[in-house]
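Open the model in your viewer and keep the selection tool at hand. We will go stop by stop.

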Amino acid sequence: MKSVTGITILLMLGTVGDAKTTQPNAMECTEEETVHLPCNHSTISGNEYIYWYRQIPHQGPEYVIHGLKKNETNEMASLTMTTDRKSSTLILPQVTLKDTAVYYCMKIGEGTEIRE
């Protein structure tokens, strides 16, 4: 089993207006492991979405997934939300070295222009 050199998570105080989220600074794992990346967003309001992006070294940010109230899944990841929406977890199945990146969690209000 090879060790992934670093699925790195940046501590992001995601600032869109007064939007604040917190994440761990970094996480390491091994290839083919399922990784759970937590994000706290205790000041979230009813119309704010949670968005996850990642930035692979020497590349621009890339959309991963987003959600409002329910759990979401796409071809890249899953997003689970707690019932009170105060925290969520990005789940990356079977990571490989190509998943090494900085992962950003942020809350964004309805009507904010975002590119996916």
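In what order do the four strands of the open sheet stand? The order is S2-S7-S6-S5, and the pairing is antiparallel. Strand S2 (35-40) and strand S5 (72-73) stand at the edges, each with a single partner strand, so one side of each has no neighbour in the sheet.

Some ground rules before the next stop. This is a predicted model, in which local features need pLDDT of at least 70 and side-chain atom pairs count only at pLDDT 80 or more, while totals for chains, interfaces and linings use all residues. Residues are numbered from 1 along each chain as its sequence is written, and side-chain values use heavy atoms, with hydrogens and water left out. Helices (H or I, at least four residues) and strands (E, at least two) are DSSP runs, numbered from the N terminus. Two strands pair if DSSP finds at least two bridges between them.

**Stop 1: inside the sheet**

Select residues 78-81 and 87-92. These are strands S6 and S7, which run antiparallel and are joined by four bridges. Now pick Met81. Opposite Met81 stands Ser88 in S7.

**Stop 2**

Move to S3 (residues 48-55). Six bridges join S3 to strand S4 (residues 61-67), and the two run antiparallel. They form a hairpin with five residues between them. Click on His58 in the turn: His58 has a positive phi of about 70°. Then find Arg54, which stands opposite Glu62 in S4.

**Stop 3: salt bridges**

How many salt bridges does the structure hold? There are four. A salt bridge here is a side-chain nitrogen of Lys or Arg within 4 Å of a carboxyl oxygen of Asp or Glu.

The side chains of Asp99 and Arg54 meet in a salt bridge at 3.1 Å, N to O. This pair links distant parts of the chain: Asp99 is in the loop between S7 and S8, Arg54 is in strand S3, and they are 45 residues apart. Arg54, Glu62 and Asp99 are linked in a network of salt bridges.

Are Asp99 and Arg54 buried or exposed? Buried means under 20% relative accessible area, exposed over 50%, and partly exposed in between (1.4 Å probe, protein chains only). Asp99 has 9%, so Asp99 is buried. Arg54 has 8%, so Arg54 is buried.

Next, select Lys107 and Glu48. Their side chains meet in a salt bridge too, at 3.6 Å, N to O. Lys107 lies in strand S8 (residues 102-109) and Glu48 in strand S3, 59 residues apart. Lys107 is buried at 1% relative accessibility. Glu48 is buried at 12%.

Then go to Lys70 and Glu72. This salt bridge is 3.3 Å, N to O. Lys70 is exposed, with a relative accessible area of 55%. Glu72 is partly exposed, at 23%.

**Stop 4: the nonpolar cores**

In soluble globular proteins, nonpolar side chains tend to be buried together. A nonpolar core is a set of buried Ala, Val, Leu, Ile, Met, Phe, Trp, Tyr and Cys residues joined through side-chain atoms within 4.5 Å.

Select Leu37, Trp52, Leu90, Leu92 and Tyr103. These have the most contacts inside the largest nonpolar core, which has 19 residues. S2, S3, S4, S6, S7 and S8 each supply at least two residues of this core. Which strand gives the most? S2 does, with three residues.
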